[in-house]
Amino acid sequence: MARVYNFSAGPSMLPESVLKTAAAEMLDYKGTGESVMEMSHRSKEYGEIITAAESLLREIMNIPDNYKVLFLQGGASTQFAAIPLNFMNGTGKADYVVTGQWAKKAAAEAGRYGDVNIVASSADKTFSYIPKLDKSTFTKDADYFYICMNNTIYGTVYHELPDTGDVPLIADISSCFLSEPLDVTKFGMLYGGAQKNVAPAGVTICIIREDLLGKARDITPTMLNYQIHADNGSMYNTPPCYTIYIMKLVLEWIKNEVGGLDKMKELNEKKAKILYDFLDSSEMFKGTVVPEDRSLMNVPFVTGDTDLDAKFVAAAKEAGFINIKGHRTVGGMRASIYNAMPIEGVEKLVAFMKKFEEENK
């Protein structure tokens, strides 16, 4: 069967060259006679894999030496509790901006451990925009300020970061990880699940400024204490070995085949423009996000007719465009055009949408 164009919001498609390398090394990784899936995480060979993965991530993202890079398990959602347990221990206060389901869940979880101030929310318009922030509403002595940078479900993204002064900015970057350059020094912590742009599901990457570590409250479970993972090089227990190996291959792809994050951003902007330009000109399909806050990664759109939406989703699947149904809270459709989605995938989707529109006027 031919490969389909997978527009899933995650787990998402991976670069074909990565899949081919993984397939070639499945039974015998570099002459070891074993698969990485079978390899001891304490072996010299695996040590080289995880060390190379961290080194590549640091190089590609330009991560300074005073930031720890952790490869953890439990998904990004586990960090909703780990973050307040590790960091909400000064004044016991934190600011959250709620721009979607994941930020809402993060704020609710943090509320179990301290005083959460919802600085702003875009729930009033189904999270279709990034709210403008008023600095006078910020908690001056907050332990941290939290945002979800790219909202997978709703297709919004921060094009401008909040100015939080001396309060550390923490961002969930799950669905925009490695999609464009990011100034790590503007954050106290960045984190995200790998299953959008970086690897298959199974590893969560946390990038944490060192001075924020070592402040976890006494009740913090060992496996949620960032300091313990930092002290053990992400090897306190068995890490998600195979996922980290695939991540290393993806990072090599970004560095060697794409040419780095500046080039990655260029490609992502080109893909997004093709789709957004069509949506802006279409009489049938409409984007659901205000133009100034549109994501490069997740593009929700609707026809305004639920039956027609369903017909389109079914026809798209038949034509080889899969996982394009929108999230239940938005309805309609959503095309997630992550790093591994080739430009031709977006071009073919738009051509299919034009044909569908013509046939269903």
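Biologist: At what angle do helix H6 (residues 241-258) and helix H7 (residues 261-281) pack?

Modeller: This is a predicted model, so local features need pLDDT of at least 70 and side-chain atom pairs count only at pLDDT 80 or more, while totals for chains, interfaces and linings use all residues. Residues are numbered from 1 along each chain as its sequence is written, and side-chain values use heavy atoms, with hydrogens and water left out. Helices (H or I, at least four residues) and strands (E, at least two) are DSSP runs numbered from the N terminus, and axes are lines fitted to C-alpha atoms, for helices over the stretch in contact, with angles from 0 to 180 degrees between N-to-C directions. The axes of H6 and H7 are 9 Å apart, and the packing angle is about 85 degrees.

Biologist: Is H6 roughly parallel or roughly perpendicular to H7?

Modeller: Angles under 35 degrees count as roughly parallel, over 145 as roughly antiparallel, 65 to 115 as roughly perpendicular, and the rest as oblique. By that scheme, H6 relative to H7 is roughly perpendicular.

Biologist: Which are the edge strands of the open sheet of 7 strands?

Modeller: Two strands pair if DSSP finds at least two bridges between them. The order runs E2-E10-E9-E8-E5-E3-E4 with mixed pairing. Pairing on one side only are strand E2 (67-72) and E4.

Biologist: At about what angle does helix H4 (residues 101-110) run to E3?

Modeller: H4 lies across strand E3 (93-98), E4, E5 and strand E8 (169-172). Relative to E3, H4 runs at about 160 degrees.

Biologist: Which residue in E14 stands opposite Phe301?

Modeller: Phe301 is in E12, where it is also the bridge partner of Gly287. E12 pairs in the antiparallel sense with strand E14 (residues 333-336), over 4 bridges. In E14, Phe301 faces Met333.

Biologist: How far is the sulfur of Cys206 from the closest cysteine sulfur?

Modeller: A disulfide is a pair of cysteine sulfur atoms within 2.5 Å, and the count by this rule is 0. For Cys206, the closest cysteine sulfur is in Cys148, too far for a bond at 14 Å.

Biologist: Is Ser122 buried or exposed?

Modeller: Ser122 is in the loop between strand E4 (115-121) and strand E5 (144-148). Leaving out residues up to four places away in sequence, Ser122 touches Val98, Thr99, Phe127, Ser128, Tyr129 and Pro131. Buried means under 20% relative accessible area, exposed over 50%, and partly exposed in between, using a 1.4 Å probe and protein chains only. At 0% relative accessibility, Ser122 is buried.

Biologist: How far apart in space are Gln227 and Glu210, C-alpha to C-alpha?

Modeller: Gln227 is in helix H5 (residues 226-231) and is partly exposed, at 24%. Gln227 and Glu210 are 17 residues apart in sequence, and their C-alpha to C-alpha separation is 9.1 Å.

Terms used. Contact = heavy atoms within 4.5 Å.
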